[in-house]
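Have the structure open as you read.

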Amino acid sequence: MIQLGSRGISSVVTIEQLRAARGLLGWSQSELAARAGLSLPTVKRLEAGFGPRVSDEAREKLQRAIESAGIEFVNENGGGLGVRFRKPRRRK
């Protein structure tokens, strides 16, 4: 597991959840990198889980980009970790 964020984003998100979220969105690694304002090698390193450490700031950017696209990271709740589309908010 990797801890994403130390400034406001406190959920623990795994590499597998990041890959699954990207897949759910139909995004390539290049598209995720562009939407997060990061380089492609940074996304590749994080998803591969090896190589030079990816900064907390970069991890936060990835998580924010995915969440802003409507994905929610599901914490361990007895049913396992996961990702899903966020339920649309009803307009009043």
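## The nonpolar core

A nonpolar core is a set of buried Ala, Val, Leu, Ile, Met, Phe, Trp, Tyr and Cys residues joined through side-chain atoms within 4.5 Å. Buried means under 20% relative accessible area, while exposed is over 50% and partly exposed lies in between (1.4 Å probe, protein chains only). This is a predicted model, where local features need pLDDT of at least 70 and side-chain atom pairs count only at pLDDT 80 or more, while totals for chains, interfaces and linings use all residues. Residues are numbered from 1 along each chain as its sequence is written, and side-chain values use heavy atoms, with hydrogens and water left out.

The largest nonpolar core has 18 residues, and those with the most contacts inside it are Leu18, Leu32, Leu62, Ile66 and Phe73. Two or more residues each come from α1, α2, α3, α4 and β3 (71-74); helices (H or I, at least four residues) and strands (E, at least two) are DSSP runs numbered from the N terminus. The most is given by α4, with four residues. In soluble globular proteins, nonpolar side chains tend to be buried together.

Which residues of helix α2 (residues 29-36) are buried? They are Leu32, Ala33 and Ala36. Seen down the axis, the buried residues of α2 fall within an arc of 100°, so they line one face of the helix; the arc is that of the directions from the helix axis to the C-beta atoms. Their cover includes α1 (15-25), α3 (40-48) and α4 (56-68). After α2 comes Gly37, with a positive phi near 70°.

The α2 and α4 helices pack at an angle of about 100°, with their axes 8 Å apart. That makes α2 roughly perpendicular to α4 (angles of 65 to 115 degrees count as such, under 35 as roughly parallel, over 145 as roughly antiparallel and the rest as oblique). Leu32, Arg35 and Ala36 of α2 meet Lys61, Leu62, Ala65 and Ile66 of α4, where contact means heavy atoms within 4.5 Å.

## Helix α3 and Thr42

In α3, the buried residues are Thr42, Val43, Leu46 and Glu47. They cover an arc of only 125° around the axis, which puts them on the same side of α3. Gly49 follows α3 and has a positive phi, near 80°.

Thr42 has a relative accessible area of 11%. Not counting residues up to four places away in sequence, Thr42 touches Val54 and Ala58. The C-alpha atoms of Thr42 and Ala58 are separated by 8.0 Å, although these residues are 16 residues apart along the chain.

Key. Axes are lines fitted to C-alpha atoms, for helices over the stretch in contact, and angles run from 0 to 180 degrees between N-to-C directions.
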